[in-house]
Amino acid sequence: MSPHSIHRHTSPDPGNQRTIPALVAVSYGRPVKSMSVVVGQGRGGRGQCRNEYVAALAATSSLVASVACAGWSSPALPVLRGPNSPIPVTPDEGSWIVSLLSIGSIFGPVICGLFVDRYGRRPVLLVSAIPLVAGWLFIAFAESVGMLYTARLLHGIGYGLAYSVTPIYLGEISSDAIRGSTGVLVTVMAKLAFLFEYSVGPYVGFRALAWISLALPVGFCVLFFWMPETPYFLLARGNKKAAADSLRWLRRSTAIDEELNRMEKLVQDSKQKGNPLRQLLLTSTNKKSLVIILLLSLGMQLTGINAILGYSQTIFSRLALPLTAAELSIVLALVQLGSVMLPTFLVDRAGRRPLLLASTAGSLLGLATCAVYFTLDETTTDVLSPEPGAPHGWIPFGGVLLFIISFAIGLATVPFAILGEVFPKHIKAAANSVFAVITSAVMFSVVKLFQVISDGAGTYVSFWIFTGCTAVTGVLIFLVIPETKGQSFERIQEMMMRPPTIAVLMLLLLIPTSSEVEIDCNSLRMGQYICPDPTLRQIDPKTQQLRGCTQENKARVWCVAVDGIVCSETKNTSFTREMPCKWTNGYHFDTALLLSVFLGMFGADRFYLGYPALGLLKFCTLGFMFLGQLVDVILIATQVVGPADGSAYIIPYYGPVITVVRSDNWTYRLPQDNW
């Protein structure tokens, strides 16, 4: 990311935490919220947000394209395992086809972190369509299971990349007025993708479904190609004009200067926080927050949500109901789509903890209902009627619907709200990446083992495992998760710094121990810090001196300590220190020398440097008959004579600057081997 000019350090104003919501952390690609909108003239109605909605819809269409890959397995797997399969697969191969998507998705956050701050949000999001297109082509032309495996890995990469970049893009283009609605788009678009695959898949051929699904990433590219880059990234790259143009188009207003300046300040501040991943994993104040995210990410996946969605038609095919398995899956997708709307209205009214606990309780009841039904169905012969269409066949389907609705109102959405609250702004992106990687790894384990356990021991065993994990998750949520509803950012950070409970202490054993030391960084010795920080643009290109250089020839600049040191004044590796510099006042060395050589006989050089008396004397005597001119040329060339106000010459970086080095009692010569 291109550096920006540095300014004098001031401690963060807590008020800014309330008036300027956090941006997505810049350097590590993980989503955070965008700047608040500066309300200017002509920005009064919802129509003013039209371009933001257009860009948000175009960006979230990437989720329709990527999440469709996850929904594809539900209608495709019964065909692959059926008697007329185009590519016959075993149950174990089927489980790999479903779960390899999770393996591929682990690489998404990694790719995002490597490239999203180097090349931009827009191009990386467009690139996410490439593995999706390649995956659908592999499926369309597949003649072996290996080609299906390759397709699923490619789908996973595109899936993980789209899910990593899209929230960043949305956070950086959305104003406060529509941030809630654009945030809901992420979940809504994902559920639309499931509904699409569940509705189309059962009624078209295996290869036809691949060709139809291929239209989704292609359509995303066509729509999103015309959208702008985020103003935040353009500012980070030093292109303020392009950032202003982007923000002006998004806001449909010319009153953007204040918001643009705030964005630029946040870009500069984000560079002064140090490595966010290291602070996330090793800083003691973030340990409790990391435990909370670890618990929520594990709890989400161990309920078995992705296994149930991925194998929905396979599960429903065992129910003797008037509706077919495909029709039941469509009903499931419709209920899921409607359920994800509920948290939008409840999360800021009911609170985070009540929603999570209610969600866990409902999910537990739904999973337990399915577990009991499948236990009776698979282990008894005289309890459940074997007649097709028996009323009890609706019990497990009702249990699944209860689970889906309960999961949607809390476990599916509240963790993302908490993720944005318990971490400081500059490490939210790193926290989101860790959350995504853990989620993908656990999702792979759950999806892969579901089929293995169901075929080896019975479907009821898988559901009992999901039920037990959900019960444990509910207990841990009750003991560990704090209520953050209505709390300020400062108050939440205070809550995170309280002494941990026994449950948190047990989970802290999973987190690496910090090796950082917090000290006053102004006491560091040479070799323990770099000053000025080379990642920041602290040299004024006009003067080639440190910005803010005073007449005392000192400037306060940002420095960076070595890894493992946390500065007490900033709580990260950056700190400020006074450094020597040369104060300049607009006098250029090359100008003074040229005037001395060509017009020195008229005293032009002395007039320029602020010596009017000598200049007038040289003018009257023709430079002391050119002798004085020659002397001044030598004095100015050797920089013995400088500006009269005591300032230094402005000299290009590779210019003929002369620095006199003197030896005193504080200097010594370092002995050499050949002495």
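I began at a helix contact: Asn51, Glu52 and Ala55 in H2 meet Trp249, Leu250 and Arg251 in H11. Contact means heavy atoms within 4.5 Å. Helices (H or I, at least four residues) and strands (E, at least two) are DSSP runs, numbered from the N terminus. By class, I find three nonpolar, one polar and two charged residues where H2 touches H11. Here Ala, Val, Leu, Ile, Met, Phe, Trp, Tyr, Cys and Pro count as nonpolar, Asp, Glu, Lys and Arg as charged, and the others, Gly among them, as polar.

Next I looked up the geometry. H2 covers residues 50-80 and H11 residues 240-251; they pack at about 105°, with axes 5 Å apart. Axes are lines fitted to C-alpha atoms, for helices over the stretch in contact, and angles run from 0 to 180 degrees between N-to-C directions. H2 and H11 are therefore roughly perpendicular. That label covers 65 to 115 degrees; under 35 is roughly parallel, over 145 roughly antiparallel, and the rest oblique.

A note on the source. This is a predicted model, in which local features need pLDDT of at least 70 and side-chain atom pairs count only at 80 or more, while totals for chains, interfaces and linings use all residues. Residues are numbered from 1 along each chain as its sequence is written, and side-chain values use heavy atoms, with hydrogens and water left out.

Then confidence. pLDDT is the predictor's confidence in each residue, from 0 to 100. The chain averages 77, and 76% of the residues score at least 70. Over residues 1-46 pLDDT stays under 50. Where pLDDT is low, the predicted coordinates should not be read in detail.

On to the sheet. Which strands form it, and in what order? Three strands form an open sheet, S2-S5-S7, with antiparallel pairing. S2 (529-530) and S7 stand at the edges with a single partner strand each, so one side of each lacks a neighbour in the sheet. Strands pair if DSSP finds at least two bridges between them. Seven bridges join S5 (residues 554-561) to S7. Trp558 stands opposite Thr576 in S7, and Val560 opposite Ser574.

Buried means under 20% relative accessible area, exposed over 50%, partly exposed in between (1.4 Å probe, protein chains only). Across the chain, buried residues make up 52% of the 675.
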